[in-house]
Amino acid sequence: MDEERNFQPQREQPAHNTHRKKKYKILWDRVIIALVALIALIVGIVMLISALVGAIKGALSKDDSSSAVKANASAISSQQDTPESVQQPTDNTLFTVVIDAGHGGEDVGSTDFSGARYEKEDCLRIAKLVEKHLKDMNVNVIMTRTEDVYVTLDDRCKIANDSKAVIFVSLHRNYFDGEAQGVEVWVHNEKPETDTALAQNILDGLKGVGISADRGVNFGYRGNEYVNYQVNRETNMPSCLVELGFMQDEQDNKLFDDNCDAYAKAIAEAIYKTAKDRELVKNLP
Ligand SMILES: [Zn+2]
């Protein structure tokens, strides 16, 4: 720029020509640089767009799969007869079971003749042992209670239905004002196949340990086949209610005390066997 100002007027023309030539040369250089830059920019934009398209496609396909999972999940919740589709626990356990220790707190259940032995305590005692044996088999266990507290039947069913468990087992002891002994298991009066198989497996297991009498798998409610125990009626998964001998029967109490752990192991094994045989969970070892 300083050079331009120092040009003499007579030399203006050639100087001007030279200057124009120089100017054109610089311009062409700039055009080439600009073109290269433009090409680089276009290539960059194309790469960026293709990367964005790829990312969007990836995100869309993820949305598709998650909405498919959601659709599947809602299909499961509306279709209770497909327990094999029940979602698996996210930890490394094989599946989830809910163990329900009957009664608790102010609801002591039945008692023995002396009144000193409470059903609620026997229920919790064996429930904890069933839990231990299931955990040894790598099964996730949800307990409706782990201490001497009152839990409503509504809450027990809610715990089960919120749990994604494949099986629900309620543990009780029986009572009769008179002579009665032995073990019986209760199932919904519509006689669902899996529930019945679960009950029979548990009964067979307990018989293997030793019981005073096999009172069989029963349907409905004691004394009324047209109604159901709430824990069988309002749980969404295969379920049964086990009556582990009679509280007023001394032999049943002795059998329960002597075999509590063996009974618990038999119940845990029957639960596992049912989940495997009925394919409630696929590919169980
Ligand atoms: Zn009971």
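A residue is called buried here if 20 or more other C-beta atoms, placed from the backbone, lie within 10 Å of its own, exposed if 12 or fewer do, and partly exposed in between. By that rule, the buried residues of helix α5 are Thr194, Asp195, Leu198, Ala199, Asn201, Ile202, Leu203 and Leu206. The model is a predicted one, in which local features need pLDDT of at least 70 and side-chain atom pairs count only at pLDDT 80 or more, while totals for chains, interfaces and linings use all residues. Residues are numbered from 1 along each chain as its sequence is written.

**The chain and its confidence**
- The chain has seven helices and six strands, where helices (H or I, at least four residues) and strands (E, at least two) are DSSP runs numbered from the N terminus.
- From the N terminus on, these elements follow the order α-α-β-α-β-α-β-β-α-β-α-β-α, and buried residues make up 34% of the 285 residues.
- The mean pLDDT, which is the predictor's confidence in each residue from 0 to 100, is 83 for the chain, with 73% of the residues reaching 70 or more.
- Over residues 1-18 the pLDDT is below 50, and this stretch has two contacts in the model beyond near neighbours in sequence, a contact being two residues whose C-beta atoms, placed from the backbone, lie within 7 Å.

**Helix α5**
- Helix α5 (residues 193-209) has 17 residues and reaches 25 Å from its first C-alpha to its last, close to the 24 Å expected at 1.5 Å a residue, the expected span being 1.5 Å times one less than the number of residues.
- The cover over the buried residues of α5 includes β3 (167-174), β4 (183-187), β5 (214-219), β6 (239-246) and α7 (250-277).
- Just after α5, Gly210 takes a positive phi of about 130 degrees.

**The packing of α5 and α7**
- α5 and α7 pack at an angle of about 150 degrees with their axes 8 Å apart; axes are lines fitted to C-alpha atoms, for helices over the stretch in contact, and angles run from 0 to 180 degrees between N-to-C directions.
- Among the residues that meet are Leu198, Ile202 and Leu206 in α5, and Ala262, Tyr263 and Ala266 in α7.

**Leu134**
- Leu134, which lies in helix α3 (residues 119-136), counts as buried because 27 C-beta neighbours are found inside 10 Å.
- Leaving aside neighbours within four places in sequence, Leu134 is in contact with Val97, Val139, Val141, Ala268 and Ile271.
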